[in-house]
Amino acid sequence: QVRLVESGGGLVQPGGSLRLSCAASGSIFSINDMGWYRQAPGKQRELVATITSGGRTNYADSVKGRLTISRDNAKNTVYLQMNSLKPEDTAVYYCNAYVATIGGYNFVAWGQGTQVTVSS
């Protein structure tokens, strides 16, 4: 069993900041790529940012320069620092991780999501 738990969402004013965290736990042998996705009401889930185990990052154009993804491999945790937030960043944010388990299985695990609301 592998579990991803997100935290750090909430309500913030435009221009404000939030930091999301996502911790993976369970029968983990290794984690390759980790990422953040988001889904706004009435829209499809979209990529926000990804990071490899070596620290190489990739961002959606809409968040470049404002959101920063990072990870702590020792803690199996990925972070999303969100600055200069805009109302259009409002969404449920999900983390995912490409996991190899101790039992030899490989799959993509997803968190339950955390709500981010940007509003005055």
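Reply:
**The loop between β7 and β8**

Asn76 sits in the loop that links β7 and β8. This is a predicted model, where local features need pLDDT of at least 70, side-chain atom pairs count only at pLDDT 80 or more, and totals for chains, interfaces and linings use all residues. Residues are numbered from 1 along each chain as its sequence is written, and side-chain values use heavy atoms, with hydrogens and water left out.

What stands out about the phi of Asn76? Its value is positive, about 50 degrees, although Asn76 is not a glycine. Most residues other than glycine have a negative phi. Asn76 counts as partly exposed because its relative accessibility is 24% (buried means under 20% relative accessible area, exposed over 50%, and partly exposed in between, with a 1.4 Å probe and protein chains only).

Now for the strands on either side of the loop. Strands are DSSP runs of E with at least two residues, numbered from the N terminus. β7 and β8 (residues 77-82) run antiparallel, joined by 6 bridges; two strands pair if DSSP finds at least two bridges between them. Across this pairing, Ile69 faces Leu80 of β8.

Both strands belong to an open, antiparallel sheet of 4 strands, in the order β1-β3-β8-β7. Its edges are β1 (2-7) and β7 (67-72), each pairing on one side only.

Beyond β8, the loop between β8 and β9 (91-101) holds Ser84. Ser84 is not a glycine, yet its phi is positive, near 50 degrees. Ser84 is partly exposed because its relative accessible area is 41%.
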